[in-house]
Amino acid sequence: MKHTKRLLALLLSGAMALSLFACGATGGDPTAYPDADPSASADPSASADPSGDPSASPAIVADLSQGVLEFSAGLSAEDVLLTVNGVDVPADLFLYMLAMNCMNMQQYLSYFGMTIADVAPTLLDETITMAAYHQLMRQKAAELGCLPTDAQQEEIRTALQEADLDSVRPYWGLTDDSANFIFSITAYYNNVLDATTHEPSEAELEEYIVSKGAYRVKHILLKTVDDSRQPLPEDQIAAKKTQAEDLLAQLQSAEDLPALFDQLMNEYSEDGRTEDGALAAPDGYLATPGQMVAEFEEAGQQLKAGELSGIVETTFGYHILLGLPLTPFAEGETAEYLESYRPDALEALVQQWQEQAEITRAPALETLDTADFFAKMSAYQQALAEQEEAAGTAPVESGGVG
């Protein structure tokens with residue numbers, strides 16, 4: 001299977017563009033925060049091994065006398081599966097996107113004992129949305145007069161040449177036009193982004209951060225887990241709770257709450273410290289939904305500036321939170337939001353375009369069995385790679401393009 005994985009890597013830049021720009025997801029690493037949800041750190045690999053999914057049945061015998069799309073879906077590359085405002089989406093392009101979505105999804109499925117068949121309708125709908133997204137991006141680029149420049153076209157041609165498409169074409173059934181479409185995605189996206197969005201003013205950026213549900217808090221953490229996140233002995237946990245109750249009582253009766261909070265936080269908080277013993281985040285956290293564990297987030301969002309929480313228990317321990325004003329922002333603190341401002345603005349436009357678009361599914365798409373298609377394509381690619389390796393004609397190893 002190593003050849004199938006390597007051949008997939010040859011088209012990795014196109015796949016990354018498909019997955020990244022279809023969802024418009026941006027933002028920082030949630031695990032950068034000590035209270036971040038560990039489950040948010042999972043990162044699917046685009047170079048997954050298709051044989052890792054139970055739906056890629058080893059019982060399938062690939063007929064290599066047929067093309068990959070004919071064998072896996074009963075279609076030719078030029079068959080139309082979707083139209084977007086009258087523009088056709090050919091089968092080779094759509095099925096490539098669908099296969100990429102399947103490969104990414106199977107990374108998660110194995111953890112839950114599920115197969116592609118269990119999520120097939122969702123995968124198909126997401127691929128339809130993705131295909132429409134990128135077709136609309138091209139249509140809007142034409143309308144706005146921001147088609148790829150000569151320099152961008154040259155970059156695309158160079159990337160296509162380096163990808164050695166002749167060697168990977170049998171594995172995917174992509175035509176030259178569809179391969180060009182994939183490698184052009186970034187150029188179209190960037191051009192439409194530049195044509196429709198602008199860098200925010202300070203007021204616009206602040207309004208955007210507020211709209212993201214941002215909140216700012218300081219907290220005192222008394223940990224009930226060790227450095228490997230294993231629970232402490234019960235007697236130590238009980239002692240930590242008693243200590244948290246004592247600290248809370250002191251804070252609730254404080255004449256100068258902010259000053260006492262800082263004093264107790266610097267003295268007792270176990271929320272990460274530098275080598276010299278200083279707190280890693282003495283000024284607190286600017287956070288948005290999804291960055292912190294649920295209990296911490298719920299408490300933090302409810303606090304107004306200057307308000308004190310009760311004892312908040314999370315998987316990390318006992319917290320006491322103090323609400324802070326959202327502004328002013330510290331230097332560099334808004335970098336993450338500044339980076340996502342324009343992509344989010346474009347995503348809002350794209351949603352409008354998608355709602356207004358005329359998207360028509362072809363009959364062949366209505367009868368497409370996603371799980372069966374992916375299992376057959378995986379079996380075909382595996383058989384083809386083994387045949388070429390046995391014959392000594394497998395392509396030279398490559399680290400991919402991008």
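I take buried to mean under 20% relative accessible area. I note at the outset that the model is predicted.

Cysteines. I looked up the accessibility of Cys-146 and found 11%, so Cys-146 counts as buried because this value is under 20%. Cys-102 is likewise buried, with a relative accessible area of 0%. I then checked for disulfides, taking a pair of cysteine sulfur atoms within 2.5 Å as the criterion. By this rule I record zero disulfides.

Strand S6. I asked how many residues of strand S6 (residues 317-323) are buried. The count is seven of the seven, so S6 is largely enclosed by the rest of the structure. I next looked up the pairing of S6. Strand S3 (residues 215-223) pairs with S6 in the antiparallel sense over seven bridges, and here Leu-221 stands opposite His-319. Strand S5 (residues 308-313) also pairs with S6 in the antiparallel sense, over four bridges. In that pairing I find Leu-308 opposite Leu-322 of S6.

Phe-373. I located Phe-373 in helix H15 (residues 370-391). Which residues does Phe-373 touch, not counting residues up to four places away in sequence? I list Ser-72, Ala-73, Leu-95, Leu-98, Ala-99 and Leu-368. For Leu-98 I also noted the separation: Phe-373 and Leu-98 are 275 residues apart along the chain, and their C-alpha atoms are separated by 9.4 Å.

Key: Residues numbered from 1 in each chain as written. Predicted model: local features only at pLDDT ≥ 70, side-chain atom pairs only at ≥ 80, totals over all residues. Heavy atoms only, no water. Buried < 20%, exposed > 50% of the residue type's maximum accessible area, 1.4 Å probe, protein only. Helix = DSSP H or I, 4+ residues; strand = E, 2+ residues; numbered from the N terminus. Pairing = 2+ DSSP bridges. Contact = heavy atoms within 4.5 Å.
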